[in-house]
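Work through the exercises below with the sequence and the structure open beside you. Try each task yourself before reading its solution.

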Amino acid sequence: MSIDNVLNKFERVRKSGRNKWRVPCPVHGGKDFNMIISERSDGSVGAYCFVCGGSAVDVANHYGL
């Protein structure tokens, strides 16, 4: 899945560096930009929530990806 397809699932996205974005965590219903989404050098997408520990797998499950 491309980074664009993943980022399009979020209503609010903020650029946070090269190939990194911050979003509110959908896993725990976060309101702040507490999850980081990144595009890795191999084209895969990673995610981590600094509050609940949610991962890319949790995001994929939440959105049915």
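**Exercise 1: Aromatic pairs**

Find how many aromatic pairs there are, where rings of Phe, Tyr and Trp (its six-membered ring) pair if their centres lie within 6.5 Å, and planes under 30 degrees apart count as stacked, over 60 as edge-to-face and the rest as tilted.

Solution. By this rule the count comes to two aromatic pairs. The rings of Phe10 and Tyr63 have centres 5.5 Å apart and planes at 80°, so this pair is edge-to-face. Phe10 lies in the loop between helix 1 (3-7) and strand 1 (14-15), while Tyr63 lies in helix 2 (residues 56-63), so the pair ties together parts that are 53 residues apart in sequence. Here helices (H or I, at least four residues) and strands (E, at least two) are DSSP runs, numbered from the N terminus. Next, consider accessibility: buried means under 20% relative accessible area, exposed over 50%, and partly exposed in between (1.4 Å probe, protein chains only). With a relative accessibility of 9%, Phe10 counts as buried, whereas Tyr63, at 27%, is partly exposed. The other pair is formed by Tyr48 and Phe50, which is edge-to-face with 5.3 Å centre to centre and 85° between the planes. Tyr48 is partly exposed, with a relative accessible area of 41%.

A note on the source: this is a predicted model, in which local features need pLDDT of at least 70 and side-chain atom pairs count only at pLDDT 80 or more, while totals for chains, interfaces and linings use all residues. Residues are numbered from 1 along each chain as its sequence is written, and side-chain values use heavy atoms, with hydrogens and water left out.

**Exercise 2: The chain as a whole**

Describe the order of helices and strands in the chain, and then its overall dimensions.

Solution. Begin by counting the elements: the chain has two helices and four strands. Read along the sequence, they follow the pattern α-β-β-β-β-α. The radius of gyration (taken over C-alpha atoms) is 10 Å, close to the 11 Å that the globule rule (2.2 Å times the number of residues to the power 0.38) gives for 65 residues, so the chain is as compact as a globular protein of that length. Along its principal axes, the C-alpha trace spans about 30 × 25 × 20 Å. Finally, 32% of the 65 residues count as buried.

**Exercise 3: The nonpolar core**

Which residues have the most contacts inside the largest nonpolar core?

Solution. A nonpolar core is a set of buried Ala, Val, Leu, Ile, Met, Phe, Trp, Tyr and Cys residues joined through side-chain atoms within 4.5 Å. The largest such core has 13 residues, and those with the most contacts inside it are Ile3, Phe10, Met35 and Ile37. Helix 1, strand 2, strand 3 (35-39) and strand 4 (45-49) each supply at least two residues of this core. Returning to Phe10, and not counting residues up to four places away in sequence, we find that Phe10 touches Val23, Pro24, Pro26, Ile37, Val59 and Tyr63, where contact means heavy atoms within 4.5 Å.
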